Amino acid sequence: MASTHVTKRAKYKTTIKDPGTPGTLRMTFEKILFVPHNPKSAGKLDVEFRYIKGQKHTKEGSNKPPWLNLTNNQNGSFIFEFENYSDLQECRDFVGKVLAKGGEVSEKPTVAYPDEQLSAAEMELRIKLLQEDSELQKLHKQFVLSGVLTETEFWATRKKLLDREASKKTKQRLGFKSAMISDIKPSTDGRTNKVTFNLTPEVILQIFAEKPAVHRAFLSYVPNKMSERTFWTKYFRAEYLHSTKNSIAAAAEAAEDEELAVFLKQDDILASEARKKIRRVDPTLDMEADEGDDYTHLPDHGILREGSKEMTESQNELYKRSLSQDINRHAAVVLEGRAVDVELEDTKAVAEALAQSKQKSSNKGESDGDTSRERLDRLSRMTEIEDLQGPNTLPLAPLCIKDPRDYFDSQQANALRSSGDALGEIEQIKCGLSTQEVYGSLRESISSIKAMGLKEPIVKPEVAHQVFDALTNSISNTKYHIGKNPQESVLDRLPRKTKEELLHHWTSILELLKHFWASYPITTTYLYVKVNRLKDAMSNIYPQLEEIKGSVPSELRHQVSLLVRPMHQALDAANQHYEASMQKRSAQSGERPNGYV
């Protein structure tokens with residue numbers, strides 16, 4: 001059965017030169033859905049497949065990234081860039097199947113399966129679990145991609161696993177590193193005067209947080225007036241001029257380049273915030289609470305970078321910056337923490353998210369009382385740190401079978417009990433003779449055999465003796481030798497491939513039975529269709545188990561039979577319940593079975 005959907009990580013690009021919006025791509029027979037990782041991004045896409053008329057893609061081995069270009073009936077296109085070519089090929093094949101079917105998909109009558117709208121975080125969590133658990137990935141590929149179970153049905157039985165993984169994500173606010181921006185030192189090649197700065201997304205966010213004027217300039221200049229590379233080149237040029245402690249040279253270059261002057265001048269936003277803080281000081285407690293408290297602008301106050309003292313040059317005061325200012329601002333930003341929680345790959349998205357966060361903060365009009373209330377709320381939230389708390393769920397007692405012989409003996413007893421019950425039922429049905437009549441019939445049979453003899457033995461004696469000896473030795477080994485050595489088990493004696501197949505079949509059967517029994521009672525058409533799909537999948541397991549039994553050596557066949565027998569019993573119980581429920585359903589609906597007179 002073909003897959004009904006494909007889910008991959010990708011970047012959505014409006015043009016080839018567009019850097020792309022990272023997110024999650026989901027394709028079904030009906031539509032194409034793209035959800036960006038950043039919820040505030042405008043790159044969300046929801047297009048029905050009937051509007052797609054063709055596809056193009058890059059070839060593996062070329063210098064181009066793995067792109068898939070889907071063209072619509074209005075000569076537009078949707079470009080997706082995948083992480084690797086295997087994801088591209090899987091999506092390409094899926095699109096080809098949908099386009100080849102054309103209108104058949106919508107015209108074919110189907111049962112509507114319940115499905116939920118997933119957020120990007122939930123989809124990322126599911127992909128992460130599949131990547132980390134190979135057994136879970138096998139089950140997903142076996143049942144979901146083949147159409148036995150839908151995506152919703154598969155994950156509905158794993159709510160606890162999803163909740164546990166989601167709870168691992170810390171709710172604590174992330175902070176910045178204690179290292180200052182001024183600690184970033186450039187690298188030189190030793191031959192020219194060219195220097196190179198290593199600028200990471202984390203450093204960019206810290207620069208925006210500590211220097212609001214630089215943040216404002218980035219939103220104004222990039223990409224309208226200059227590229228991002230040019231912007232950061234000018235920024236680090238200004239940082240270099242500050243490090244030389246030559247305010248005259250800084251003033252001269254600022255006069256020639258107005259964009260560079262933005263980085264060289266004092267941060268007017270920080271100055272405005274400082275004045276607001278000064279005005280909030282209670283004058284009855286501090287009689288000198290005025291602009292004089294901002295001592296860094298006074299002569300001989302503050303320390304310039306690299307430890308040198310300030311010099312009084314009023315015309316160049318605008319381009320001076322002291323180390324104490326940088327330390328105080330850095331300490332304030334570290335204590336505030338990160339105000340945004342977005343992907344750091346896109347600098348423009350980071351700048352916009354930070355601007356929106358500051359706008360919300362300013363709209364609140366935080367007063368001194370508001371700040372105190374926010375601190376109390378934050379303190380109450382963080383009193384219990386999540387990563388230091390124990391699990392809320394009660395611990396489960398682990399299953400421990402100390403002696404495997406107990407398990408096999410119990411299975412053998414169950415098998416004998418079930419066979420005895422079956423024989424008892426047969427005797428109850430066929431037993432219509434008295435004890436004397438049965439005894440007389442048995443004597444007549446024995447007398448006849450003595451008189452006439454058996455022409456041919458039912459079983460050759462040498463074959464019966466060989467089988468009996470092998471079976472006796474095998475049972476004896478299983479019952480008295482296996483389990484005495486804690487390092488040895490039946491599975492360990494099997495070939496590795498056979499062992500893996502048996503374990504996977506056990507896991508597959510448990511998955512199917514879990515969904516099968518949870519579907520009863522059947523009250524809707526959806527459950528009826530689901531149960532039939534599950535029954536067909538369980539029926540396919542019988543020949544696979546028989547094939548495993550026949551593939552092992554004869555001396556191990558009995559041990560494999562002991563392992564396979566509980567699987568058969570579990571499947572038989574489900575099939576018997578299915579047949580009984582179908583007969584009951586037919587009787588209630590008034591249908592007559594075949595041959596009814």
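This is a short talk on the fold of one protein chain, from its overall make-up down to single residues.

Keep in mind that we are looking at a predicted model. Overall make-up comes before detail. The protein chain has 597 residues, and 34% of them count as buried. There are 23 helices and 9 strands. Take the contacts in the chain with a separation of 6 or more: 59% of them are between residues 24 or more positions apart.

Now to the strands, and to Lys8. Lys8 sits in strand S1, which runs over residues 5-13. Is Lys8 buried or exposed? Its relative accessibility is 16%, and the cut-off for buried is under 20%, so Lys8 counts as buried. What does the side chain of Lys8 pair with? One partner is the side chain of Asp87, in a polar contact of 3.4 Å. Another is the side chain of Glu90, with a polar contact of 3.0 Å. Leaving out residues up to four places away in sequence, Lys8 touches Gly23, Thr24, Leu25, Phe82, Asp87, Glu90 and Cys91. Look at Phe82 in that list. Lys8 and Phe82 are 74 residues apart in sequence, but their C-alpha atoms are 7.9 Å apart in space.

Thr24 belongs to strand S2, residues 21-28. Its relative accessibility is 0%, so Thr24 counts as buried. The side chains of Thr24 and Glu124 are joined by a polar contact of 3.3 Å. The neighbours of Thr24, again not counting residues up to four places away in sequence, include Thr7, Lys8, Leu33, Phe34, Met123 and Ile127.

Next, helices H3 and H4. H3 covers residues 120-132, and H4 covers residues 134-144. How do the two helices cross? Their axes come within 5 Å and cross at roughly 110°. From H3, the residues at the meeting point are Leu129, Leu130 and Glu132. From H4, they are Ser134, Leu136, Gln137 and His140.

Stay with H4. Which of its residues are buried? They are Leu136, Leu139, His140, Phe143 and Val144. These residues span an arc of only 100° around the axis, which puts them on the same side of H4. An α-helix has 3.6 residues a turn, so residues three or four places apart point the same way. Ser134 and Lys141 are exposed, on the other side of H4. At the start of H4, look at Asp133. A side-chain oxygen of Asp133 comes to within 3.1 Å of the backbone nitrogen of Glu135.

Thr507 touches Glu135 and Leu139, not counting residues up to four places away in sequence. Thr507 and Leu136 are 371 residues apart in sequence, yet 9.6 Å apart in space, C-alpha to C-alpha. Thr507 has a relative accessibility of 26%, so Thr507 counts as partly exposed. A polar atom of the Thr507 side chain lies 2.9 Å from the backbone oxygen of Leu503.

Now H20 as a whole. H20 takes in residues 496-518, 23 residues in total. From first C-alpha to last, H20 reaches 33 Å, close to the 33 Å expected at 1.5 Å a residue. Its buried residues include His504, His505, Glu511 and His515, along with Leu502, Ile509, Leu512, Leu513 and Phe516.

The peptide bond between Tyr520 and Pro521 is cis, with omega about -5°. Where else is there a cis bond? Val222 to Pro223 is cis as well, with omega near 0°. Pro223 is in the loop between helix H8 (212-221) and helix H9 (228-243).

Technical notes:
Residues numbered from 1 in each chain as written. Predicted model: local features only at pLDDT ≥ 70, side-chain atom pairs only at ≥ 80, totals over all residues. Heavy atoms only, no water. Helix = DSSP H or I, 4+ residues; strand = E, 2+ residues; numbered from the N terminus. Expected span 1.5 Å × (residues − 1). Buried < 20%, exposed > 50% of the residue type's maximum accessible area, 1.4 Å probe, protein only. Contact = heavy atoms within 4.5 Å. Polar contact = N/O pair within 3.5 Å; in protein donor to acceptor, adjacent residues only side chain to side chain. Arc of directions from axis to C-beta. Axes fitted to C-alpha atoms, helices over the stretch in contact; angles between N-to-C directions.
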